Amino acid sequence: PSPMTMIALTFLRMDDYTRQAKAYWWVTSLSGFIVLCLSAASVASLEPAAQMQILVGVVFATLTGLFPARIPGAKTSGSVAEVFVFLLLLDYGPAAAAIAAAAEAGTISWRTSDRWTSRLGSPAMAALAMHGCGTAFEVAGAHLTPESTHLGMLFALLLFMSIAYFAAGTLLMASL
């Protein structure tokens with residue numbers, strides 16, 4: 001292999017991935033980074049006070065990622081950042097929540113893995129899962145009639161979306 005190939009293999013350490021796993025990683029990671037770029041552009045169009053609140057939420061999500069809890073019997077870790085991620089979703093939509101989810105996943109993978117494929121792929125996949133589920137939540141919430149827009153109904157919808165987000169994130173990671 002060429003020197004550039006060797007550098008890329010050393011940097012991403014994908015030599016133990018199958019061809020299908022490499023393709024999957026590249027597609028999901030690039031898709032996630034596209035979602036992150038679009039999310040950043042969406043947040044950049046908000047007023048400065050909203051941007052500051054989103055920044056504070058992302059910082060808190062990132063800080064919780066400094067204290068990951070490893071799931072027994074798995075290579076996966078998590079934190080309590082979803083509190084901040086879901087608050088950002090409720091207040092500012094899927095773009096803000098996707099940025100916070102990516103920040104948390106990036107911090108956790110930076111602390112728990114030496115592999116750049118994890119350090120880059122985890123935030124991208126978290127952003128992809130949160131933006132997808134957050135958009136579905138937003139669309140479903142828009143279909144609630146004013147009479148049915150009760151806090152309990154919104155909470156039930158958010159609970160369902162959180163389960164979907166956990167499933168989507170787990171599926172994206174486990175499929176690799």
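Two residues are in contact when their heavy atoms lie within 4.5 Å. In this predicted model, 70% of the contacts between residues at least 6 apart in sequence join residues at least 24 apart. The protein chain comprises seven helices and two strands, arranged from the N terminus as α-α-α-β-β-α-α-α-α. Mean pLDDT for the chain is 87, with 88% of residues at 70 or more. Confidence is highest in helix 3, at a mean of 95, and lowest in helix 1 (residues 3–12), at 60. Where pLDDT is low, the predicted coordinates should not be read in detail.

Of the 176 residues in the chain, 38% are buried. The largest nonpolar core contains 37 residues, and Val 58, Leu 89, Met 130, Met 161 and Tyr 165 have the most contacts inside it. At least two residues of this core come from each of helix 2 (19–44), helix 3, helix 4 (82–92), helix 5 (94–112), helix 6 (116–142) and helix 7 (151–174). Helix 5 makes the greatest contribution, with 10 residues. Beyond residues up to four places away in sequence, Leu 89 touches Pro 94, Ala 97, Gly 134, Phe 137, Leu 158 and Met 161.

The chain exposes about 10,200 Å², of which carbon and sulfur atoms supply 73%. A nonpolar patch on the surface is formed by Met 52, Leu 55, Val 56, Val 59, Phe 60, Leu 63, Leu 66 and Phe 67, which together have about 740 Å² of accessible area. Within this patch, Phe 67 is located in the loop between helix 3 (48–65) and strand 1 (69–70). Phe 67 counts as exposed because its relative accessibility is 65%, the cut-off being over 50%.

Definitions and conventions. Residues are numbered from 1 along each chain as its sequence is written. This is a predicted model: local features need pLDDT of at least 70, side-chain atom pairs count only at pLDDT 80 or more; totals for chains, interfaces and linings use all residues. Side-chain values use heavy atoms; hydrogens and water are left out. Patches are made of residues with over 30% relative accessible area and no salt bridge: like charges are joined within 9 Å, nonpolar side chains (Val, Leu, Ile, Met, Phe, Trp, Tyr) within 5 Å. Accessible areas come from the Shrake-Rupley method with a 1.4 Å probe; for residues, only the protein chains shown count as cover. A salt bridge is a side-chain nitrogen of Lys or Arg within 4 Å of a carboxyl oxygen of Asp or Glu. Helices (H or I, at least four residues) and strands (E, at least two) are DSSP runs, numbered from the N terminus. Buried means under 20% relative accessible area, exposed over 50%, partly exposed in between (1.4 Å probe, protein chains only). A nonpolar core is a set of buried Ala, Val, Leu, Ile, Met, Phe, Trp, Tyr and Cys residues joined through side-chain atoms within 4.5 Å. pLDDT is the predictor's confidence in each residue, from 0 to 100.
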